[in-house]
Amino acid sequence: MLLVRMKFLQLLSRKPGKLGMIFQIPFCQNQSPYLCLATSTCLYGKKKKANSYEQVDQEKYKNLVYSVTSYKTSAQTPETILEEDNLLYGPPDKHRPPVKAETKTPKNCVPLINPNKRIPLLSSESNLPVKIPLQKTKMPSVTRILQQTMSPQQAFYLERWKQKMIQELGKDGFAEYTKNLFLQGELFHAALESIFLSEETAAEEQRDDVDISGFLASVQHVLEDVSEVKALESAVQHETLQYLGLVDCVAKYRGQLCVIDWKTSEKPKPLLKNTFDNPLQVAAYIGAINHDANYDFQVSCGLIVVAYKDGSPAHPHFMDPNLCSRYWNKWLLRLEEYTDKN
């Protein structure tokens, strides 16, 4: 009997769909469990759940799926990441690069070098440097013009430093601190003047002064390259642009005639940009000398020397003619700004 049933099942299995009709639930209730294993999934009447992923645009994400599934380790590069971002989020918006602000040019383009100034063939008989005292006039000084045309950012940092110092020292302490700074600067300049005028006794006494001995030691290597001093602590006036100033020194530095500005600092200033508006000040003095009839020479270079109280080697910042011309144009713009304000 069992053999007949097996043959009957073999015949039915050759016709698709017939086998599932025989094994309905009532028929197989009393059958052995292993017979039920031969049935197909059509025995269950439950409906197949809809797969939400089938509704996704598979063509759109085909490349992304392939890139994820085809590598065991990450093989992404900036290019592939960009492609995936374009696929998911669309191409990035193309923005035009910002237009650079046009370089301002001064309205009154007075040249740095005076084309009308006559230089005598023979130098002055006196070997002493020119030293003209500064007269008080209505004409604004270079320092005043720079202070009143300071950029908002620079003014902010200066005020923040001032408030920080007042917080640490108090108002009276800060006033004493600034007073000592000016006094140190005056003593330092006086000591340099004595050295250039070969006043050995005065120079030796000032080298022993604790307040400035470090500054003098700091500039020793620079002084070795300075020669032919032509002016010391001398007033200059631009006759056309109507401003004045007091030049620290005019001398040759490594063979180039320069306006030399001596600065003292407690912090290192290894770069020219660390000196803030000092290059503008030097350019203003150069222009004034070249347009001042009291000076029978013209200058095209500048030098800013930053000396340190601890005696560490000073930083000399040389300004060649091209650099001086650039700062001269900036100075003319600041001068125009000051004139407009006042």
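Guide: Please note that this is a predicted model. Let us start with helix 13, in which L323, C324, Y327, W328, W331, L332, R334, L335, E336 and Y338 are buried.

Visitor: How do you know that the span of helix 13 agrees with its number of residues?

Guide: Helix 13 covers residues 321–341, which is 21 residues. At 1.5 Å a residue, the helix should span 30 Å. Its end C-alpha atoms are 30 Å apart, so the two values agree.

Visitor: Why is N114 called buried?

Guide: The term requires a relative accessible area under 20%. N114 has 14%, and therefore it is classed as buried. This residue lies in the loop between helix 6 (78–89) and helix 7.

Visitor: Which residues does N114 touch, not counting those up to four places away in sequence?

Guide: N114 touches N290, H291 and Q298.

Visitor: What makes a space a cavity and not a pocket?

Guide: In a cavity a 1.4 Å probe fits but cannot get out, whereas a pocket is open. The structure holds 1 cavity of 30 Å³ or more, and about 30 Å³ of space lies in the largest cavity. Its lining consists of H189, L192, E193, F196, L232, E233, D248 and W262. Helix 8 supplies the largest share of that lining, 4 residues. By class, the lining has 4 nonpolar, 1 polar and 3 charged residues.

Visitor: What is the volume of the largest pocket, and how many residues line it?

Guide: The largest pocket has a volume of about 2,400 Å³. Its lining comprises 47 residues, of which F182, K263, T264, K269 and N278 lie nearest the centre. Helix 8 (152–196) gives the most to this lining, with 17 residues.

Visitor: How do the residues lining the largest pocket divide by class?

Guide: They divide into 19 nonpolar, 15 polar and 13 charged residues.

How values were computed:
Residues are numbered from 1 along each chain as its sequence is written. This is a predicted model: local features need pLDDT of at least 70, side-chain atom pairs count only at pLDDT 80 or more; totals for chains, interfaces and linings use all residues. Side-chain values use heavy atoms; hydrogens and water are left out. Helices (H or I, at least four residues) and strands (E, at least two) are DSSP runs, numbered from the N terminus. The expected span of a helix is 1.5 Å times one less than its number of residues. Buried means under 20% relative accessible area, exposed over 50%, partly exposed in between (1.4 Å probe, protein chains only). On a 1 Å grid over the protein atoms alone, a cavity is a set of points where a 1.4 Å probe fits but cannot get out, and a pocket is an open set with protein on both sides within 12 Å along at least five of seven lines; lining residues have an atom within 4 Å of a point. Grid points are joined across faces, edges and corners, and a volume is the space filled by probe spheres set on the points. Ala, Val, Leu, Ile, Met, Phe, Trp, Tyr, Cys and Pro count as nonpolar, Asp, Glu, Lys and Arg as charged, and the others, Gly among them, as polar. Contact means heavy atoms within 4.5 Å.
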